[in-house]
Amino acid sequence: MNWDEEYDLIAAKGAAANHFIGRARNALPDDDDFEISPLPGPGPSAQPAAVPLGLLLPTEDETPLQQLIRHWTNERNCPDILPAQEELLVTILDHIRRQSQTVQLLREDASTSEDEHVRIMLAQTEMERVKFIVRSYIRTRHYKIDRYARFITTNAELQRRLTGGEREHASRYANILDRHLFKCVLQSLPPAQAHLDDTAAFVPSMITQPDKTRPVFVHALQDCPRVRLPDGTALEMRKGHISLVPYHVIENLVARGEVELV
Amino acid sequence: MAARAQDPQGAYGPLRPPNKAVIPIWMAVNLKSKKKCHIVAPPWLNVDFLQDRLNKETSEAGFSDLPFRFAEVSKVLLDVASDDLENPDKLRSLLKDLREARQAKSRDGLKTLDHSELSLPNLCSMEINEIRPFFVHSMHLLTQLAREPSAAQ
């Protein structure tokens, strides 16, 4: 499962249309903020000489990086698998890619000043931070996908929340696991007991699925409509409210982005 | 360079020596450790403000209103930039008192835990992580206990 491949695929697919808009919106600032000594000598002079310290410009009120951080903490705290943020990741990875190219260019240039090096170092630190979050986000998803692989292959709703690559990984993983279990144990059992999806009474299902009754800490980002609690009462969360509730209660609020999991 | 320890992302700077700039805390810490900036403390990180919150914390039942990540931010700033803060030792002891007072309250919250909901207004990120494993597990058990009678009917 290689995110890089997927990235290339998506980049190629959507290069023309909305991807371009995202690219334009997040284009490097034509920065006059920093006095950058112009790069003398050869080299592609069309390349932006500045190392913009701001990795990502604000869109409306949240930068793509802030959005990613929010999706990342949500994903980490959520017992279920949340919808994949493919477009956001493409935007961010795209940006990192271009920025690391710029940094590479500047590093190779011997005439880069001392001041410049400090800035390069800061830009690199920031890239590492972003990469860490991207990696952790993807790994969190993969952990859950591995865990619920068999459930995912039977659930169309959940499949819609995954990227193409993730779906493929889930079905391959479920397949391999099934074969492994069959070879090791099941083939020597009587056929009646050799299933992996028995639904016996009073026994939990053999297919692991996300447990939505698990409680989560939830933080309201805005005033939320009432939700029904398991004991029958209603809960109305005001902005900034923090609460510990079972996940299924606030599932819709998370999907609409009205609350975040902390 | 001078820098303020505040949050937002986006393009930072300009970083010109006598001016203040708003940059993320990781960058401020990085520059500070290279002795390239002074950090201006956030408005809540001073003796008066914290003393006031501590008084409230000990006299009122609820959690007092503090920034969501006050524990993390104050720890980092006190570690890296204690020379930019006024009276860091007093700050440390105030923060410790605050933490203990709040910890006692969050443990008290366990008494009111049931299977459906527990409101924790003004709880901070560090405190949530502190109680998360135990509270989530207890509540989950309560959920299972509450579900069983209705399933048996």
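Visitor: Is B:Arg99 buried, partly exposed or exposed?

Guide: B:Arg99 counts as partly exposed, at 40% relative accessibility. Keep in mind that this is a predicted model.

Visitor: Which residue does B:Arg99 form a salt bridge with?

Guide: The partner is B:Glu130, and the closest N and O atoms of the two are 2.7 Å apart. This pair links distant parts of the chain, with B:Arg99 in helix α4 of chain B and B:Glu130 in helix α5, 31 residues apart.

Visitor: And what is the relative accessible area of B:Glu130?

Guide: B:Glu130 has a relative accessible area of 35%, so it is partly exposed.

Visitor: Staying in chain B, what does B:Glu57 meet in a salt bridge?

Guide: The side chain of B:Glu57 meets that of B:Lys105, at 2.9 Å from N to O. B:Glu57 belongs to helix α2 (residues 47–59) and B:Lys105 to helix α4 (residues 88–108), so the pair ties together parts of chain B that are 48 residues apart in sequence.

Visitor: Are those two buried or exposed?

Guide: B:Glu57 is buried, at 2% relative accessibility. B:Lys105 is buried as well, with a relative accessible area of 17%. The cut-off for buried is under 20%.

Visitor: How many salt bridges are there over all chains?

Guide: The count comes to 26.

Visitor: Let's switch to chain A. What does A:Lys212 pair with?

Guide: A:Lys212 and A:Asp80 meet through their side chains in a salt bridge, 3.5 Å from N to O. A:Lys212 sits in the loop between α8 and β1 (215–220), while A:Asp80 sits in the loop between α3 (64–77) and α4 (86–108), so the bridge ties together parts of chain A that are 132 residues apart in sequence.

Visitor: How do they stand for accessibility?

Guide: A:Lys212 counts as partly exposed, at 27% relative accessibility. A:Asp80 is buried, at 3%.

Visitor: Which residues are linked with them in a network of salt bridges?

Guide: The network links A:Asp80 and A:Lys212 with A:Glu157, A:Arg161 and A:Glu251.

Visitor: New topic: which residues make the nonpolar surface patch of about 210 Å²?

Guide: That patch is made by A:Tyr173, A:Leu177 and A:Leu181.

Visitor: Where is A:Leu181 found?

Guide: Look in helix α8 of chain A, which covers residues 164–184.

Terms used
Residues numbered from 1 in each chain as written. Chains lettered and ligands numbered in written order. Predicted model: local features only at pLDDT ≥ 70, side-chain atom pairs only at ≥ 80, totals over all residues. Heavy atoms only, no water. Patch = residues over 30% accessible without salt bridge, like charges linked within 9 Å, V, L, I, M, F, W, Y side chains within 5 Å. Areas by Shrake-Rupley, 256 points an atom, 1.4 Å probe, with all protein chains shown as cover. Salt bridge = Lys/Arg side-chain N within 4 Å of Asp/Glu carboxyl O. Helix = DSSP H or I, 4+ residues; strand = E, 2+ residues; numbered from the N terminus. Buried < 20%, exposed > 50% of the residue type's maximum accessible area, 1.4 Å probe, protein only.
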